[in-house]
Amino acid sequence: MSAEGKVPAIGIDLGTTYSCVSVWQHNRVEIIANDQGNRTTPSCVAFNDNERLVGEAAKNQAAYKPTNTIYDVKRLIGRRMSDKAIQEDMWPFKVMAGSGDKPKIVVTYKGGKKEFSAEEISSMVLAKMKRVAETFLGSSVEKAVITVPAYFNGSQRQSTKDAAELAGLEVVSMINEPTAAAIAYALDERATSSRSGKKMNVLVFDLGGGTFDVSLLTIDKLGDIEVKATGGDTHLGGEDFDNRMVDHFVKEFKTKHKEDISKNLVALGRLRVHCESAKRVLSTATQTTIDIKCLSNGIDFSAKFTRAKFEEVNMDLFNTCMEIVKTCLEDAKMDKASVDEVVLVGGSSRIPKVQELLQRFFNGKKLCQRINPDEAVAYGAGYLAAKLSGVDNEAVQGVELIDITPLSLGVGCKGDVMSVLIPKNTPIPTKKEDTFYTARDDQTSANIEVYQGERLKSTENYLLGNFRLSGLPSTPRREVEVIVCFEIDANGILTVSARELTTGSNNAINITGTGSLSKPEVNKMIKDAEQYKFEDEAHVKAVKAHQDVVDYACKLRANIKLDEVRLGIIELGISPKELEAIEQSITKTIEWLDKSPDANAHELKTMELGLDDICTHTKPYLSK
């Protein structure tokens, strides 16, 4: 029980394919079995003429009512319908663009068409897990810690939080899945190992049904956990391996029976169920057989499938996992020999080829499989839920967490330059501010564009969102200061605000409903940053050189208007009319610079020398 005598918050691993719920009871974390006696529940929702089904009952309907059985919704939540990853996904149920480009799932329910958002479907799964916990505890549950992939962006995190609220749950915290698994490992290590007094570097390899995360953490002798680096792909997992098998058998069926079933949703639904089952068998056997009666037009389908073939059709995806592991180590500036333990999490980590590649990468190191890969994330969430509920237990209060943000965050500036406020791998929660200036004369508003990524060019990064700050005073450029603040809370949700001090004008945005990093964007973002490093640096150098000349010209023009400067210049014998001519020449130079953002170094130097010529006699006063 909590310090207040109430039921502690529960921990929920909201998975792409399966979900799991836990709670602190009897001085330990308990994984709660559902009404079927299973400790994990399919993250599946189905509809028919009479009722809505969630969990096992919904999954059982998938084979014969695929268009009305919703799964994989975690791949939709917080994304845009126009995202390339969503366009490439194949689901038997209908997904269309709703308002604001948000995905809408269309089903037939009680005789009519019904549209649901990804948040609504996820809320149904969360409500199911809530009921499972309430049945076990014999009391109502109001609060939860919910896990999310480490590479979920602000939109996906906020949408997950919205889904929990729809389910009647207050989210006391969101925790990254590999960090939650690290808690499970740390507690197990403390309880079972003689090495519990040693500081350890632990790599958590979390390959689930729909997402992949890898995190490198340090666990000290007290059990405190600090995340050093994280990587991943929010669109890579067991479902992708199933899809490759489905594609293979669709081609085989066409070759054998001269019939294309790629548009036959019922046939594809039945085939998918058998492929998932075969995939599981191949983790322990070297071959299996798929037998499906009357797959299409009365044709029976039977085919053998070997582990070697499964590895062949998925090898590029397995290699992607290894590349992400390599990048994570590079980000942490750690050699693989310094990794003390490699912990496997997620059902897809059971795949023999994945384990083989991982073990080979770490030079034959034995992989840690002590903790249950299906339950470790929920276990860690249950622990954190107890801690945040104030459970009075030494084991609960004895571990501290320091998590990080996986990619850099910043704003786009004039000249297509990314100004980073929060670098990647910064511990969270965190808050950073920076000062920016207006880029044009008489600029009364500013568009604040928020980007995520590692490129120096802002447009080469991912646009998370934008908002406008209005009511700025009408003055020459660079005289108005705008303070921009980035704040990431403990749940990884980003809030960006901007304010102008003299007028008090302010505005802010929570990064929600803006979409997500697509699969190629996530995997290539950091690699691209390295590949285009010199090109980006040259661009930034050119932009800075251009801005330096602009700043110089603006300073000269501003100084002409200062009374004490004008008096000093007139004492040199410069008339007011000549001063006006100098000012006009400087203004023309500024106008040319504004119209020539791509001016080369020679042109910029020529303009700077021209300014010096204009101000030959007055420069000591104008440049002060």
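**Exercise 1.** How many cavities of 30 Å³ or more does the count come to?

*Solution.* The model is predicted: local features need pLDDT of at least 70, side-chain atom pairs count only at pLDDT 80 or more, and totals for chains, interfaces and linings use all residues. Residues are numbered from 1 along each chain as its sequence is written, and side-chain values use heavy atoms, without hydrogens and water.

Step 1: a cavity is a set of points, on a 1 Å grid over the protein atoms alone, where a 1.4 Å probe fits but cannot get out; lining residues have an atom within 4 Å of a point. Points are joined across faces, edges and corners, and the volume is the space filled by probe spheres set on them.
Step 2: the count comes to three cavities.

**Exercise 2.** Describe the largest cavity and its lining.

*Solution.* Step 1: the largest cavity holds about 170 Å³.
Step 2: its lining has 21 residues, and Phe152, Arg157, Thr405, Pro406 and Gly492 are the closest to its centre.
Step 3: helix H4 (154-166), strand E12 (170-176) and strand E19 (401-405) each give at least two lining residues. Helices (H or I, at least four residues) and strands (E, at least two) are DSSP runs, numbered from the N terminus.

**Exercise 3.** Is helix H10 mostly covered or uncovered?

*Solution.* Step 1: H10 covers residues 376-388.
Step 2: buried means under 20% relative accessible area (1.4 Å probe, protein chains only).
Step 3: 11 of the 13 residues in H10 are buried, so by this definition the helix is mostly covered. Among them are Tyr383, Leu384 and Lys387.
Step 4: after H10 comes Gly390, with a positive phi near 80 degrees.

Technical notes
On a 1 Å grid over the protein atoms alone, a cavity is a set of points where a 1.4 Å probe fits but cannot get out, and a pocket is an open set with protein on both sides within 12 Å along at least five of seven lines; lining residues have an atom within 4 Å of a point. The expected span of a helix is 1.5 Å times one less than its number of residues. Buried means under 20% relative accessible area, exposed over 50%, partly exposed in between (1.4 Å probe, protein chains only).
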